[in-house]
Amino acid sequence: MFRNQYDTDVTTWSPAGRLFQVEYAMEAVKQGSAAIGLRSKTHVVLACVNKANSELSSHQKKIFKVDDHIGVAIAGLTADGRVLSRYMRSECINYSFTYESPLPVGRLVVQLADKAQVCTQRSWKRPFGVGLLVGGLDESGAHLYYNCPSGNYFEYQAFAIGSRSQAAKTYLERKFESFMGSSRDDLIKDALFAIKETLQGEKLKSSICTVAVLGVGEPFHILDQETVQQLINEHEIVEEEAPAEQEAAAAADQDAPPADEAPPADQGAAPMDI
Amino acid sequence: MNMVDSAQPFKTLLGPESDSQRTQYPYVTGTSVVGVKYKDGILMASDMGASYGSTLRYKSVERMKPIGKHSLLGASGEISDFQEILHYLDELILYDNMWDDGNSLGPKEVHSYLTRVMYNRRNKFNPFWNSLVLGGVKNGQKYLGTVSMIGVHFEDSHVATGFGNHLARPILREEWNENMSYEDGVKLLEKCMRVLLYRDRSAVNKIQIAKITEEGVTISRPYALKTFWEFNAFKNPTVGAEGSW
């Protein structure tokens, strides 16, 4: 995208019918570190990459609990994300107080989207620079939504946002059809694999990622570092192993043994190579 | 003129709110509502009377109304306040339907909402002068609750308002059970309403029984209860002169 004479105000249309400020806001989401979400019939898993600026600092919080039955993972301007999370928490708690019942996640995302839309139609405001993956549970089961700075929202089986999210999306596209029937643990495993895809060869450790789960009978909570590291070790989610596992899964019909010895250089390279 | 003037100073002592309105006492009132859970849902009964003080002024007032798809609301107390509450609920259900998203407010949510409304008004010293019974079924779950004019609220398997608290609830405590059929439930409610008819001065003999199940709400046509007055004590009331019955 290049600078042009229609991109100064959010209230200026381009001749092609575009609002450049809104599109620039979506760019900000792409610059943030990756966040992914996936859901089954009964559970939603949110995971994100947490890179600290330096060894001295702590990393930013990118996953927020909104209520027992709703959580959100953000990518982009985390300050904007924090403010929106606070709004979501407020809406949930007010609804709970009045109706003694959890706010249906589908209604929360619409309210969130309408709030974002306002900022695309006021000359004295700017769009929120954050993308939100909202995972929640309601009467009809588990849901995952993505809320854009543009004010649009979509429901997903699985999605990834932020930098190098395309790698994760490629992985998820291959596996999403089985997610609806996945068990909770398989879902978490797939989330970790997807995160690993965005790391470009870097080693997946629990210190650089955060995983959160919610589901039927399981209120939203962030898994602690130890548990995550255990899961990483258990599934041996290290660069070389992962493609081998996928190859093994794909070769289920054949009698070929899991290709541990055969260096799957070609397979290994592909997901990394964006 | 002095007598009229002496009323004013008291009101002006209230300060800035001296010209605000607040419900001090009810004018047109309905009497008891009785509700029970039964096998398939909730049964509720009330008569169709609305009194103006001690006059049995109106005799075709429906004091039970369906709310949305899943609830039924019965009210005793000031009828105009009940109508106002129905107006609020109408708006609530409308907005709920406008979401058009497969979610809907169930009886628990409506009960909680009503509790908030009643309690809020009580805190402003301007109560809705009603006792409400809210029953419903959603996703197979039966719900029966009550809210008073001061915001006291609770859920139970059988509830009653007004005189029903004193006359109907003891009967329900003895004879209610979880697996009552529709016929059993109606018989039990009729027994309660009969006692109320005999003993509550503001009761009229024109009752309705409302039923709510997963399928929906049905409110019966009005009908009268059979009563028995052939007790000996009623036949020659002056026998034994003063002091007897």
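How many bridges pair β6(A) with strand β7 (residues 153-155) of chain A, and in which sense do the two strands run? In this predicted model, three bridges link them, and the sense is antiparallel. Pairing here calls for at least two bridges found by DSSP between two strands, while helices (H or I, at least four residues) and strands (E, at least two) are DSSP runs numbered from the N terminus. As for bookkeeping, residues are numbered from 1 along each chain as its sequence is written, and chains are lettered from A and ligands numbered from 1 in the order in which they are written. Local features need pLDDT of at least 70, side-chain atom pairs count only at pLDDT 80 or more, totals for chains, interfaces and linings use all residues, and side-chain values use heavy atoms, with hydrogens and water left out.

Staying with this part of chain A, Asn147(A) sits opposite Tyr153(A) of β7(A). The hairpin of β6(A) and β7(A) has five residues between its strands, and Gly151(A) adopts a positive phi near 100° there. β6(A) also pairs with strand β5 (residues 130-138) of chain A, antiparallel again, through seven bridges. Gly136(A) has His143(A) in β6(A) as its bridge partner, and β5(A) and β6(A) make a hairpin with two residues between them. Strand β6 (residues 141-147) of chain A is largely enclosed by the rest of the structure, because seven of its seven residues are buried. Buried here means under 20% relative accessible area, exposed means over 50%, and partly exposed lies in between (1.4 Å probe, protein chains only).

Over in chain B, five strands build an open sheet, ordered β11-β2-β3-β12-β13, with antiparallel pairing. Its edges are β11 (158-160) and β13 (216-219) of chain B, each of which pairs on one side only. On average, neighbouring strands of this sheet are turned by 15° against each other, direction ignored. Two helices pack on the sheet. Helix α4 (residues 163-175) of chain B touches β2 (33-38) and β11 of chain B, and its direction makes about 165° with that of β11(B). Helix α5 (residues 182-199) of chain B touches β2, β3 (41-47) and β12 of chain B, and its direction makes about 25° with that of β3(B). Contact stands for heavy atoms within 4.5 Å; the axes are lines fitted to C-alpha atoms, for helices over the stretch in contact, with angles from 0 to 180 degrees between N-to-C directions.

Next come the charged pairs. Across all chains, a search of the whole structure turns up 19 salt bridges, each a side-chain nitrogen of Lys or Arg within 4 Å of a carboxyl oxygen of Asp or Glu. One of them joins the side chains of Glu100(A) and Lys108(B) at 3.5 Å, N to O. This pair crosses between chains, from the loop between α2 (78-99) and α3 (105-118) of chain A to helix α3 (residues 107-123) of chain B. Glu100(A) is partly exposed at 45% relative accessibility, and Lys108(B) is partly exposed at 31%. Another salt bridge joins Asp96(B) and Arg107(A) at 2.7 Å, N to O. That pair also crosses between chains, from helix α2 (residues 79-99) of chain B to helix α3 of chain A. Both ends are buried: Asp96(B) has 6% relative accessibility and Arg107(A) has 5%. Within chain B, Lys65(B) and Glu62(B) meet at 3.7 Å, N to O. Lys65(B) is partly exposed at 28%, as is Glu62(B) at 32%. Salt bridges with shared partners tie Arg107(A), Asp96(B) and Asp101(B) into one network.

Zero disulfides occur over all chains, a disulfide being a pair of cysteine sulfur atoms within 2.5 Å. Cys48(A) is in none, and the nearest cysteine sulfur, that of Cys209(A), is 7.9 Å away. Cys48(A) is buried, with a relative accessible area of 1%.

Finally, confidence. The model scores ipTM 0.86 and pTM 0.85. Chain B has a mean pLDDT of 91, with 89% of its residues at 70 or more; pLDDT is the predictor's confidence in each residue, from 0 to 100. Over residues 1-7 of chain B, pLDDT stays under 50, and the model has zero contacts beyond four places in sequence for them. Where pLDDT is low, the predicted coordinates should not be read in detail.
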